Amino acid sequence: MKLGIPIRQLNRRIRQYQEKGKAAFVHGNSGRKPVNCLSTEINNKIVTLYQTKYQDFNFMHFTQFLNEFEGINVYYSTVYQLLSQAEVDSPPKIQKATRRDRTKAKYRLKHPEAAKTETEQTADLSLVHKYVSSILGTYHINNATGVIVDAWFAWQETLEGYYHVFYQILENYGIPYRFKTDNRTVFNYNSSNKKDDTMDVLTRLGYACKQLGTEIVITSVSQVKGMVERANQTFQGRLKQEFRIAQINDIETANDYLLNTFVPDFNENNNLVCFNNHTKCLVIEAFDKQRFITVDDEIYFMREIPKNVKYSPD
């Protein structure tokens, strides 16, 4: 009863102990290297690639590039463990407490002059591809699916750029129901506290939206459009690194890469929303049999995962 095994199994264990002693209880695979364990050469290659070629990638982004472009199929947990053991930080997304603790540990081990030299070298590396930071990116997210529906780079945030992204939405998804955006003159001709209802003149983009029946909701509060703000951090943490790897140095090539490579890959890997068990929701089935789910006044598109598959594709 204590061991939780039947009497027959217990008698077998007793006989094994009488013949071999304590060695009878050692597992047969003890001391053997697992079949799915990576070799030391591959482990060293992963660390070397991150320190030389992908030094400004976060760990998740780095794992995706290992699987897609380096031919090394590994999980995020494996990459995180390897790089953590090598005391390599994930610059864009490392937690403040972890960064602080590792910085203190390195400072205690190294001479102050050596630490200063290392800091100066890191600052010089941050100047590489500085031009990318000066390009303004415009994009929209579908709140129901989490999909990036458009994206465009321009030197200035002007009406021309918004025409480009609006065209992408109309071409690929149809007429949108609503735009939730910031309080720019492209959408609103003057500030709300000085607006005169007797001279309520639409901007060019506002006129186009009115003709198509698209509502424009303007806000200066970043928390209201939280999905866009969070996606903006992801874009900033990935685009510059991918441009460096692809050797992109002009805005035309950047837009081509953005539309044909980055956005499709991003939507394929990041458009699934999951909820905890027992989450209260309402399921809606449309006339075309398409299903939606509402959670906390937000509407999400439902997609059926095929049955009888070993692993979910998402």
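Is K289 buried or exposed? In this predicted model, K289 is exposed, with a relative accessible area of 61%. The residue lies in the loop between β5 (282-285) and β6 (291-295).

Q247 belongs to the loop between α9 (226-246) and α10 (251-270). Its relative accessible area of 68% places Q247 in the exposed class, for which the cut-off is over 50%.

Helix α8 spans residues 204-212, and its buried residues are L205, G206 and C209. Viewed down the axis of α8, these buried residues fall within an arc of 100°, so they line one face of the helix. R204, K210 and Q211 are exposed on the other side of α8.

A positive patch is formed by R8, R12, R13 and R15. Of these residues, R13 is found in helix α1, which covers residues 7-20. R13 is partly exposed, at a relative accessible area of 33%; this value meets the patch requirement of over 30%.

A nonpolar surface patch of about 340 Å² is made by L3, I5, L10 and I14. I14 is likewise placed in helix α1. With a relative accessibility of 40%, I14 counts as partly exposed, and this residue too passes the cut-off of over 30% for patch members.

Notes: Residues numbered from 1 in each chain as written. Predicted model: local features only at pLDDT ≥ 70, side-chain atom pairs only at ≥ 80, totals over all residues. Heavy atoms only, no water. Patch = residues over 30% accessible without salt bridge, like charges linked within 9 Å, V, L, I, M, F, W, Y side chains within 5 Å. Areas by Shrake-Rupley, 256 points an atom, 1.4 Å probe, with all protein chains shown as cover. Salt bridge = Lys/Arg side-chain N within 4 Å of Asp/Glu carboxyl O. Lys, Arg positive; Asp, Glu negative; His and termini not counted. Charge placed at Lys NZ, Arg CZ, Asp CG, Glu CD. Helix = DSSP H or I, 4+ residues; strand = E, 2+ residues; numbered from the N terminus. Buried < 20%, exposed > 50% of the residue type's maximum accessible area, 1.4 Å probe, protein only. Arc of directions from axis to C-beta.
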